[in-house]
Amino acid sequence: MADALRRIGPFASRAAPLFWLVVTVAFTFLGLLAITFVIGRVVPIDPVLAVVGDRASRETYEAARLAMGLDDPMIVQFARYVLDVVQGDLGRSVGTGRPVAEDLARVFPATLEMATLGIIIGVVVGVPMGVIAAARQGTWIDQVIRVLGLAGYAIPAFWLGLVGLVIFYAKFRLVGGPGRIDIFMDGMVPVRTGLLLIDSLIAGDMRAFRSAFSHIVLPATILGFFSLAYIARMTRSFMLEQLGQEYIITARVKGAPERVIIWRHAFRPIRVQLITVIGLSYAGLLEGSVMIETVFSWPGIGNYLTTALLNADMNAVLGATLVIGAVFIGINKGSDLLYRLLDPRARA
Amino acid sequence: MSLLRVENLRVRFPTDQGEVEVVKGLSIDLGRERLGIVGESGSGKSMTGRALMGLIGPPGRVTADRLEFDGIDLRGLSESGFRKLRGARMSMVMQDPKFSLNPVIRIGEQIGEALQFHQRLPARARRRAVMEVLEAVRINDPERVYRLYPHEVSGGMGQRVMIAMMVVLQPDLMIADEPTSALDVSVRATVLEILDDLVRRRGMGLILISHDLDMVARWCDRILVMYAGKVVEECAAGDLHAATHPYTRGLLASVPQLNETRTRLPVLDRDAIGAGT
């Protein structure tokens, strides 16, 4: 069918790749909706009971059930769910009493801000570390980097968070404490993007920016450390694989200096693999690190989702799951596009 | 004056079972001629090539009583010393262009690199030199090939690109390590012809490493037969049929003939030729 469609006029043009991108994203998203819908039906939480309370009479219960459309065939219910979601209606959260979409618009940027800073640290530090470790395999630099990588796996996030707070906040006052901004400035910055660092810059409020920065720097660095450990380890093993390739010998035979061998001949081919690794760890960070968000009282999506789960707040759980799923789809598609840019073999 | 003088070259690698010697006292005296090194897999022929280029790093060890390239002592030559020689004065064509060309760098850029490492040339002059060398390996539309990636060309074309890359600086010595064994039979002759033509015209010394007796006999002046890390036979290409060593005799006997009547080819008697010594 795809081939048949491809041949029809408008899609045979240059816009075709874009068209197929939209189609695949839409279908993946529909699949995601189906999964969240099914989860919403199979969990042993009665949505009617959640509305009417457990003291309601049989008649009230039945009336509510009908009113909520739970009597309709599954497919109708699913269609209604899809339509609601497409219109941005994710239902109301029992926990906060606000529409879930509104809640998510508030908590997701908090996580986005921290995760983005974290992944930037992870890439900027982790990639060169991995490359250097591979180039100097077996030396003390390699050992130090490997121990750091191991630490990134072994140290629990909450411990690092607490110790970080004790040292840098409580003892030396170098960074801000828990929360996104100092308490007296909370809510003072007009919300534009939801990202405090950017909003405070837009507002031209440097004091708020400094405060927000001092609050985010520690949790973001800790997140960055964890992704750095992973990224450095993967970069190192990708590089070692590359350095064993024949074309590395070709480059040597041509008289290439070591720097060129490492950064051009070995590093260029691994960029595609690195994008996968970086994309996945960014997506992982965007899920919200519950530990870090809890330790730092960060009002992010991890915190929100956990609270919702504990309160059996199904609309909130499904809404947050949907956002996280959409993030994964977005990052995957983004990586696909980057592959094509960076690897000539991936351009059809 | 000879281009390359090697006496008692040894290459060793440490293993869990002790040190393994893969090249055991090889000697070559090479002028600007074409020398063939033949032998089976593991006979040490590729290791010899790599040792000459200084490509055997730790934990491998290379020793020799004499290892001179155009009067330069290669023993203990620093990495930066080798770097000046490689590409510019000695170069090596490898087996399979599928693996020996970098998949994410355009062909023109990969050839241009060799120039870049050794000469300060303005970009335009470099580009012109690349076009010329592409033409020299009989690529008809260098402009197009310049912009291609290695996966977009055939094996034969890839190997021509490889040769272009290795002759662009007009080296004195070329080592060709199984340059045609990954290619289709139909393009082998062309590739060898191009290589041979360049070697003769530019007066280069050539070491052709192969397991193909016929091919080496046809394209070389002199032949070394290696077995288990040692040279077991050395003769002029024309005298190969008169070889005396049992290993060489065995190899010759197992070459299939066009008007073959044998149903089985003879198998080498490795005990008789002293396997592993």
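**View 1. Strand β9(B) is covered on both faces.** Gly205(B), Ile207(B) and Ile209(B) are buried on one side, and Leu206(B), Leu208(B) and Ser210(B) are buried on the other. A residue counts as buried if 20 or more other C-beta atoms, placed from the backbone, lie within 10 Å of its own. In a regular strand the side chains alternate between the two faces of the sheet. Six of the six residues of β9(B), residues 205–210, are buried, so the strand is largely enclosed by the rest of the structure. Strands here are DSSP runs of E with at least two residues, and helices are runs of H or I with at least four, numbered from the N terminus. The model is predicted: local features need pLDDT of at least 70 and side-chain atom pairs pLDDT 80 or more, while totals for chains, interfaces and linings use all residues. Residues are numbered from 1 along each chain as its sequence is written, and chains are lettered from A and ligands numbered from 1 in the order in which they are written.

**View 2. Strands β3(B) and β8(B) pair with β9(B).** Strand β3(B), residues 34–38, runs parallel to β9(B) and is joined to it by five bridges; pairing requires at least two DSSP bridges between two strands. Gly36(B) stands opposite Leu208(B). Strand β8(B), residues 173–177, also pairs with β9(B) in the parallel sense, over five bridges. Here Ala176(B) has Leu208(B) as its bridge partner. From β8(B) the chain passes through helix α8(B), residues 185–201, to β9(B) in a right-handed β-α-β crossover, that is, the path runs clockwise from the first strand over the helix to the second with the strands pointing away from the viewer.

**View 3. Helix α10(A) bends at Val217(A).** The bend is about 35°, and Pro219(A) follows within four residues; the angle is taken between axes fitted to the seven residues ending at a position and the seven starting there. Helix α10(A), residues 206–243, spans only 47 Å between its end C-alpha atoms, whereas a straight helix of 38 residues would span 56 Å, taking 1.5 Å times one less than the number of residues. Of its 38 residues, 27 are buried, so α10(A) is largely enclosed by the rest of the structure.

**View 4. Chain A touches chain B through 17 of its residues.** Chain B contributes 24 residues to the contact, which requires C-beta atoms, placed from the backbone, within 7 Å. On the side of chain A, α11(A) gives the largest share, six residues.

Notes
Contact = placed C-beta atoms within 7 Å. Buried ≥ 20, exposed ≤ 12 C-beta atoms within 10 Å, placed from the backbone.
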